[in-house]
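Work through the exercises below with the sequence and the model open beside you. Try each task before reading its solution.

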Amino acid sequence: MNHPNDPESPSVTSDMQTDYVVGQDNIKGQLGPIGFDIHNRVFVVSALASAIFIVLTLLFPERAGSTFQSIVAFSTGTLDWYFMILVDFFILFCLALVVLPYGSVRLGGADARPDHSYLSWFAMLFTAGIGIGLLFFGVLEPVYHANVSLPLGIASPFGADGELNSAAIDDASAMGLAGTYLHWGIHGWAVYVVMALALGLFTYNKGLPFSIRSAFFPILGERVWGWWGHVIDILAVFSTLFGLATSLGLGAQQANAGMNFVFGLEVSTLTQVIVIILVTAVALVSVWRGLEGGLKKLSEINMILAVLFFFFVLFAGPTLLAMAGFWSGLTTYVTDFIPLSAPFGREDDAYRQSWTIFYWAWWISWAPFVGMFIARVSRGRTVREFILCVLLVPSLFIFVWMGVFGSTALEQLYADPAGSLVKEYVIDNYRPELSLFGMLNELPLTGLMSTLGIVLALIFFVTSSDSGSLVIDTITAGGKIDAPRPQRMFWAVVEGLIAIVLLIGGGLTALQAGVTATAIPFSIVMLLMCYSIIKALNGELRLIRK
C-alpha cells in the first residue's frame, strides 16, 4: 500500500505543505538487547502516565473503585445529552458529505484506485470494530432491553406479579432488538468514519504522516508537530488503551464464565487476571511473529470459527423465528430511529444512561484504533463510497448476528420462563458474562459449542491486543509503521495490565469509567476533526477544478 511513510510512494499534490519528516523527533538506539525508535515526548508521557495509573490503582483499589463510580455517574447522568447530540451530529455530518460535491473526492487523489477488491475490503471492514462485543452482548442486550431496560418506555412482557403477558411479547422483542441495533449500528460507525476519513485525507491526499495530529494541520499549522500535537496523540493513546482494556476485561469475564459453565472453574477476579496474563502472553507471540505470521492468521482463523458458530446457532435453533425476529427488529429500528436517537423528552433512563451513553463513549475511545485500520485499507475509494460502505456494510452484518442470537434467546425465554437459563442470567440474577452460555444450553452440542464460544472470545482477545498495540505503537513512534517489535510488545503488556487493574479496581463499573473518562476529552478532538475534514475537502475540490 502506498502512503507517505513509504519511500516508494508517489508524490502527492497537496495544498498543505510542510517540511516535517516522519520520525524526525524520534530517539533511536539500543536499550540492552532491545532496539527502540520512539517519539520521546509522546512515548515517555504515555508510558509514565500508564505506569502511574496502574500503580495507584493497585495500591488504593477501594479509593479507585469509588472514583470510577463517580466518573460513570457524572458521564451518564450529567453528560448524557452531550454524548447523544455529539454522535447524532457525526451521522448528519457523514450524510452531508455524501450528498454534497465532497462525495466525489477520492482518497489518494483523482488518479488513485482501490488497493483491495470489494470482497476483500468488506471482509476487512467486518473484522474492524467487531470483536468480543458480538459474543458478550449478542444475547445479553436483546433480552435485557426487551424485559428490563425497556427503550422508549415499552411494556415488559413480565408484569409486576412476574407473570408473562403474551400480548406484549412481539412488541418487546422487536424493540429489544431495535435498541440493540442502535448501539451497534450506524451511530457507532459514523464515529469511525470521521476518524478514518480524517486520517485517509491527510495521509493519502495531503502527504502528511499517518498520525492523529496530522488532521489538525489546517487548524494549528506547523505547531501541530509541537506540544499541541503531542497532547492530541497522547489523548489518542489513552483513548485506545482504555477502550481496548474494556474489551479485554469483558473478554476475560466471559471466558472465565464459560470455563465455569463447561468445566466448573471458579468465577473470580483472580481467575480473570490469570486469563488476561495467559492471553497477553499469546498476544506477545503474535506480535513477535508480525502482521502476516501472527495477526493475519489469527484473524482468518477467528473469522472462519465465527461464521461456523453463527450458522450453528441459526440452524440448530428456531431458524425461521430467528430470521423473522431479525427483520422485525430491523423494521422497528428504522421506524423508531429518531426517537431512539433523541437526547431529550425521554423517561427511559435505565436504557439511555446505563447503556447508550456508555456505548457512545466506547465507540469514541475505539475511534483511533479502528479508524487507523479502516483508513489503511480504504485508499482509492471516493468519499461517498467510503462513507456509505463503512456505515452500512458492517452494521448489516452485526444486525444479522445480533438478530439471530437475540431472537433465539428470546424464543427460549418466552417458551419456558421457569426453566430458562437466559432468564436466570439476564433478568433474575444479572450475570451478563453467562448470557451466551445460557442460550447455548438449550441447543444441541452444548459443551462443544460453549467451548467454541470460549475459544472465540480468547482469540478475539489476542487479535484485539495485537492490533491495538500496533496502533498505539504507531502513534508513540511519531507515525512510523515499521517501529521495532519490542515497542509493540511493550504496549501489549500495558494493555493487559490496565485491564487487570480495572478489574481489580471495580469490575465492569471500572471498565466503563475508563472508557468514559478518556472519551470526554477525545470527543472534543473529534469535533475539531470535522472542521479539518471540510478544510481538506475544500482544498481537494479546488485541485480537481483547476
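Predicted model: local features only at pLDDT ≥ 70, side-chain atom pairs only at ≥ 80, totals over all residues.

Residues are numbered from 1 along each chain as its sequence is written, and side-chain values use heavy atoms, with hydrogens and water left out.

**Exercise 1. The whole chain**

Task: State how many helices and strands the protein chain has, and what share of its residues is buried.

Solution. Step 1: Helices (H or I, at least four residues) and strands (E, at least two) are DSSP runs, numbered from the N terminus. The chain has 20 helices and two strands.
Step 1: Buried means under 20% relative accessible area, exposed over 50%, and partly exposed in between (1.4 Å probe, protein chains only). Of the 546 residues in the chain, 60% are buried.
Step 2: Contact means heavy atoms within 4.5 Å. Taking contacts between residues at least 6 apart in sequence, 83% join residues at least 24 apart.

**Exercise 2. Two partners of H1**

Task: Describe how helix H1 crosses H19, and how H1 crosses H10.

Solution. Step 1: Two packed helices are described by the angle between their axes and the distance between the axes. Axes are lines fitted to C-alpha atoms, for helices over the stretch in contact, and angles run from 0 to 180 degrees between N-to-C directions.
Step 1: The axes of H1 (residues 40–59) and H19 (residues 485–504) come within 9 Å and cross at roughly 30 degrees. Angles under 35 degrees count as roughly parallel, over 145 as roughly antiparallel, 65 to 115 as roughly perpendicular and the rest as oblique. H1 and H19 are therefore roughly parallel to each other.
Step 2: A crossing is left-handed if the near helix is turned anticlockwise from the far one by less than a right angle, and right-handed if clockwise. H1 and H19 cross in the left-handed sense. Residues of H1 that meet H19 include Phe43, Phe53 and Leu58, and those of H19 include Trp491 and Leu497.
Step 3: For H1 and H10 (residues 227–263), the axes come within 9 Å and cross at roughly 40 degrees. H1 is therefore oblique to H10. This crossing of H1 and H10 is right-handed. Among the residues making the contact are Arg41 and Val45 of H1, and His230 and Phe238 of H10.

**Exercise 3. A residue of H20**

Task: Is threonine 518 buried or exposed?

Solution. Step 1: Threonine 518 lies in helix H20 (residues 507–545).
Step 1: Its relative accessible area is 10%, so threonine 518 is buried.
Step 2: Leaving out residues up to four places away in sequence, threonine 518 touches Phe238, Ser239, Phe242 and Ser365.

**Exercise 4. The nonpolar core**

Task: Which residues have the most contacts inside the largest nonpolar core?

Solution. Step 1: A nonpolar core is a set of buried Ala, Val, Leu, Ile, Met, Phe, Trp, Tyr and Cys residues joined through side-chain atoms within 4.5 Å.
Step 1: The largest one has 178 residues, and those with the most contacts inside it are Phe137, Phe309, Phe386, Ile387, Phe405 and Met439.
Step 2: Beyond its neighbours within four places in sequence, Phe405 is in contact with residues including Phe309, Phe310 and Met439.

**Exercise 5. Salt bridges**

Task: Which residues are linked with Asp348 in a network of salt bridges?

Solution. Step 1: A salt bridge is a side-chain nitrogen of Lys or Arg within 4 Å of a carboxyl oxygen of Asp or Glu. The count by this rule is 10.
Step 1: Asp348 pairs with Arg346 at 2.8 Å, N to O, and with Arg352 at 3.4 Å.
Step 2: The network links Asp80, Arg346, Asp348, Asp349 and Arg352. Asp348 and Arg346 are both buried, and Arg352 is buried too.
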